[in-house]
Amino acid sequence: MIYFLCPSYSAYPDIQTLCQQTGWGILHKRGFDLYLNGKKQKITWAIDNDFGKDLAIRWGGKFTVPIKTINSPRAVTLAAHKKRSREFLQKYLPTPKTWFNLKDAQVPFIARPSTHSGGSDFHIVRDKKNLSLPRRDWYYSEIIDSKEEYRVYVGLGKVLGAYKKQFKEGEIRANRAITGMSWGELIQAPEKASNLAVRACEILGLDTGGVDILGEKVIEINSTPTISNSYTRDMYIKFIKSIK
């Protein structure tokens, strides 16, 4: 059996769709109790027997299970903390120039809190005078003048597929939640972007993730990238079956 370890059954509708298609399960935990597909259940694990081995893919869930698991709790936590992961990545890979103290940031820059998703909490700052940001843990990045952005999917050291992101006129964010544009069919990413994506996952210790590359710089890594259409579903199904 294949399980996705999630914070709750309904946390990721795209994973619900994938599991309904494949017959795989979503596990989440309340206290000491495990829930399978939203129902409290005692799990009998197939660790190594005639029926094969169970496999878990950590998709936001921080709890552990006694079977082989893709993505560790530490790696998932690090990837989710965008500020901390940027600090880590910039030691080894090209990233946007980043400041971790507001007084050091050089305008214009982008201000974002340490945790964010879907293009939210994105502030372009052109003047620091009278700047007021909510009391949160922020980091500040240079603005990259490029419309060449890729989402590269990585699994166990290999590129699984990629999308070239679409930008709206006058918008510097290419998130689907912002543009409303579908990314369409998977493509082969440029070699430089592919190599950066694989290395970024290695540095954070992720077995699989979606890496955003803008120009030739690593923006961030998502351990729960949206599986938005049949192309990405088929890609992940093929990848997971290859592990089994």
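**Entry 1. The open sheet**

I began with the pairing of S2 and strand S3 (residues 33–36), which are antiparallel and joined by 4 bridges. Strands here are DSSP runs of E with at least two residues, helices are runs of H or I with at least four residues, and both are numbered from the N terminus. Two strands pair if DSSP finds at least two bridges between them. Lysine 29 has leucine 34 in S3 as its bridge partner.

I note at this point that the model is predicted, that local features need pLDDT of at least 70 and side-chain atom pairs pLDDT 80 or more, while totals for chains, interfaces and linings use all residues. Residues are numbered from 1 along each chain as its sequence is written, and side-chain values use heavy atoms, with hydrogens and water left out.

I then traced the sheet around this pair: 6 strands form an open sheet of mixed pairing, in the order S4-S3-S2-S1-S5-S6. Strand S4 (39–40) and strand S6 (68–70) stand at its edges with a single partner strand each, so one side of each has no neighbour in the sheet.

**Entry 2. Helices on the sheet**

I looked up which elements H1 touches: H1 packs on the sheet against S1 and S2, and its direction makes about 130 degrees with that of S2. H6 also packs on the sheet, touching S1, strand S5 (55–58) and S6, at about 135 degrees to the direction of S5. Contact means heavy atoms within 4.5 Å; axes are lines fitted to C-alpha atoms, for helices over the stretch in contact, and angles run from 0 to 180 degrees between N-to-C directions.

In helix H1 (residues 13–22), I found Asp14, Ile15, Gln16, Leu18 and Cys19 buried. Buried means under 20% relative accessible area, exposed over 50%, and partly exposed in between, with a 1.4 Å probe and protein chains only. The cover over the buried residues of H1 includes strand S1 (2–5), strand S2 (25–30) and helix H6 (230–243).

**Entry 3**

I next examined S8, where 5 of the 5 residues are buried, so the strand is largely enclosed by the rest of the structure. On one side lie Phe109, Ala111 and Pro113, on the other Ile110 and Arg112, and both faces are covered. S8 pairs with S9 in the antiparallel sense over 3 bridges, and phenylalanine 109 has valine 125 as its bridge partner in S9. S8 also pairs antiparallel with strand S10 (residues 138–142), over 5 bridges; there isoleucine 110 stands opposite serine 141.

I located serine 114 in the loop between strand S8 (109–113) and strand S9 (123–125). Serine 114 is buried at a relative accessible area of 10%. Leaving out residues up to four places away in sequence, serine 114 touches Ala80, His81, Lys82, Lys83, Asp137 and Tyr139.

**Entry 4. Salt bridges**

Lysine 83 and aspartate 137 form one, at 2.7 Å from N to O. Since lysine 83 lies in helix H3 (residues 82–89) and aspartate 137 in the loop between S9 and S10, the pair ties together parts 54 residues apart in sequence. Lysine 83 is buried at 13% relative accessibility, whereas aspartate 137 is partly exposed at 35%.

I also recorded the salt bridge of lysine 164 with glutamate 148, with the closest N and O atoms 3.4 Å apart. Lysine 164 is in strand S12 (residues 158–164) and glutamate 148 in the loop between S10 and strand S11 (149–155), 16 residues apart. A network of salt bridges links Glu149, Arg151, Lys165 and Asp212.

**Entry 5. Nonpolar cores**

The largest has 24 residues, and Leu89, Val152, Val211, Val218 and Ile221 have the most contacts inside it. H5 gives the most to this core, with 8 residues. Valine 211 has contacts that include Val152, Ala197, Val218 and Ile221. Another core, of 21 residues, lies apart from it, with Trp59, Met235, Ile237 and Ile243 among its members.

Technical notes. A salt bridge is a side-chain nitrogen of Lys or Arg within 4 Å of a carboxyl oxygen of Asp or Glu. A nonpolar core is a set of buried Ala, Val, Leu, Ile, Met, Phe, Trp, Tyr and Cys residues joined through side-chain atoms within 4.5 Å.
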